[in-house]
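Thanks for coming, everyone. I'll walk you through one structure today. Have a look at it first.

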Amino acid sequence: MSSKITGQALVAGVCGQPIVHSMSPLLHNAWLAEAGIDGAYVPMGPALDRFEAFVNGFRGGVIRGLNVTIPFKERALACADEASDLARLAGAANLLRFREDGTIFADNTDGPGLLGAIGVQAPDFDVTAAPVVILGAGGAARGAAAALLLAGAPAVRIVNRTVSKAQAIADALGDKVTAAGEDALPALLADAGLVINATSLGLGGGEGPPADLTLTPQGCVVMDMVYKPLRTEFLQRAQAAGRPTVDGLEMLLLQAVPSFEAFYGQAPPTGVDVRAVALAHLGEGLK
Ligand code: ATR
């Protein structure tokens, strides 16, 4: 919590259900304290059946905005009066801004977080150079596909156990996005420039998706959106195959940056190592 909260404090928060595990309050309040901003960032857990009433109650500038997490991202987009291209394409919003005229603007910073994480951890990656393979077809997969498409990926291949869900994403995103089942993986991996795990496989330390990463070209970047544990079994296999890797924690940290700017009107201060803060919280030790 910021050390200085007055009657003029800028207030924002994060909502989800459950919300208790969210790391966003830790990150934003560490930044607020470091920057000496008169502001606060609070966790909120609205009832599942009252999300719309909860959001609409903030119309008119009660708070600056909200981050939105599982399971409300799609409903958050539907609550908004206007939305960014990325939020519309992703079909989901993780950032709502409450404007003084009572309207709500929806945005999606998961995409910038994903691209930013690749930029930090795999700086040689060129999104326009080769097809992307996304494993999984939930909200996280659709958000990643939308962001990569807008960033210039030549082709995005969604691979999922349930092909109909992958097909639904392809239908929503246009010709450059195609759907396939797991049996198509060997052929799709062979010319991939980026492979992303957007399934829940590997969460909590289990095995990741069964994709054989040795089939990818040298230099193919492998990313895992799962960040508990930080070095997932999937990323360990990528490393063993000599592929550059990108972890999900970096994406989580970088999606918070544009949110902070939207809420508090300035970039987060550079003097706080939020990755170390997050790692300490996750119990992984400093890296
Ligand atoms: P989110 O919205 O966070 O992306 P989700 O909608 O629950 O989460 O999606 C989870 C993804 O993990 C799905 O693509 C799911 O595959 P199905 O659509 O076939 O269910 C994938 N997934 C979860 N467990 C899996 C498993 N054991 N094998 C293969 N895919 C799995």
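How far is an oxygen atom of the ligand from an N or O atom in the side chain of Asn160? The distance is 2.7 Å. That is a polar contact, meaning a pair of N or O atoms within 3.5 Å; within protein, one must be able to donate a hydrogen and the other to accept it, and residues adjacent in sequence count only if both atoms are side-chain atoms.

Some housekeeping. This is a predicted model: local features need pLDDT of at least 70, side-chain atom pairs count only at pLDDT 80 or more, and totals for chains, interfaces and linings use all residues. Residues are numbered from 1 along each chain as its sequence is written, and side-chain values use heavy atoms, with hydrogens and water left out.

Arg161 has a polar side-chain atom 2.8 Å from a ligand oxygen. For Thr162, that distance is 2.5 Å. On its own, the ligand has 650 Å² of accessible area, and the protein covers 67% of it. Those areas come from the Shrake-Rupley method with a 1.4 Å probe; for residues, only the protein chains shown count as cover.

Who surrounds the ligand? There are 13 residues around it, and Ala137, Asn160, Arg161, Thr162 and Lys165 come nearest. Being around it means having a heavy atom within 4 Å. The shell splits into three nonpolar, seven polar and three charged residues. Here Ala, Val, Leu, Ile, Met, Phe, Trp, Tyr, Cys and Pro count as nonpolar, Asp, Glu, Lys and Arg as charged, and the others, Gly among them, as polar.

Now the sheets. Strands (E, at least two residues) and helices (H or I, at least four) are DSSP runs, numbered from the N terminus. Strands pair if DSSP finds at least two bridges between them.

S7 (132–135) and S8 (156–159) run parallel, joined by four bridges. Val133 has Arg157 in S8 as its bridge partner.

S3 (65–68) and S5 (95–98) pair antiparallel over three bridges. Gly65 stands opposite Arg97 in S5.
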